[in-house]
Amino acid sequence: MQPFTKRVIEIIQRIPAGYVMTYGQIAELAGSARGARQVVRILHSMSSRYELPWHRVVNAKGEIAITDDEFRFKQQLYLSDEGIEMDEKGFINLEKYRYKPLKANFMIEDE
């Protein structure tokens, strides 16, 4: 497993209930500020295997980026169950709900 992938997985696993992070925020924290699309790929391909709380990851605007109606509804439901409020258009207030961990908390030894 690539070091970036390993860091992304660890970061996503640590997002606490009731908070969200953006794809770009995760990518930057994992060491690649331009790696947001890689975060999407990792979430898509590894969420089940690593039991990632995929529903806690949103786009930079604070909205759910999933276009599939069933999964979009599921993500809204999971976030709502954790106390995260969305406006009528489905936007999340990132000032209120964005998780801002310290970078030092995510230093991972590369294998």
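This is a predicted model: local features need pLDDT of at least 70, side-chain atom pairs count only at pLDDT 80 or more; totals for chains, interfaces and linings use all residues.

Is L77 buried, exposed or partly exposed? L77 is partly exposed, because its relative accessible area is 38%, where buried means under 20%, exposed means over 50%, and partly exposed lies in between (1.4 Å probe, protein chains only).

Residues are numbered from 1 along each chain as its sequence is written, and side-chain values use heavy atoms, with hydrogens and water left out.

Staying with L77, this residue sits in helix 4, residues 69-81; helices (H or I, at least four residues) and strands (E, at least two) are DSSP runs, numbered from the N terminus.

Turning to the whole chain, the protein has five helices and two strands, and from the N terminus on these elements follow the order α-β-α-α-β-α-α. Of its 111 residues, 41% count as buried, and along the principal axes the C-alpha trace spans about 45 × 25 × 25 Å.

Now to helix 1, residues 3-13, which is largely enclosed by the rest of the structure, because eight of its 11 residues are buried. Those buried residues are F4, T5, R7, V8, I9, E10, I11 and I12, and they pack against strand 1 (21-22), helix 2 (23-30), helix 3 (36-46) and strand 2 (57-58), with contact meaning heavy atoms within 4.5 Å.
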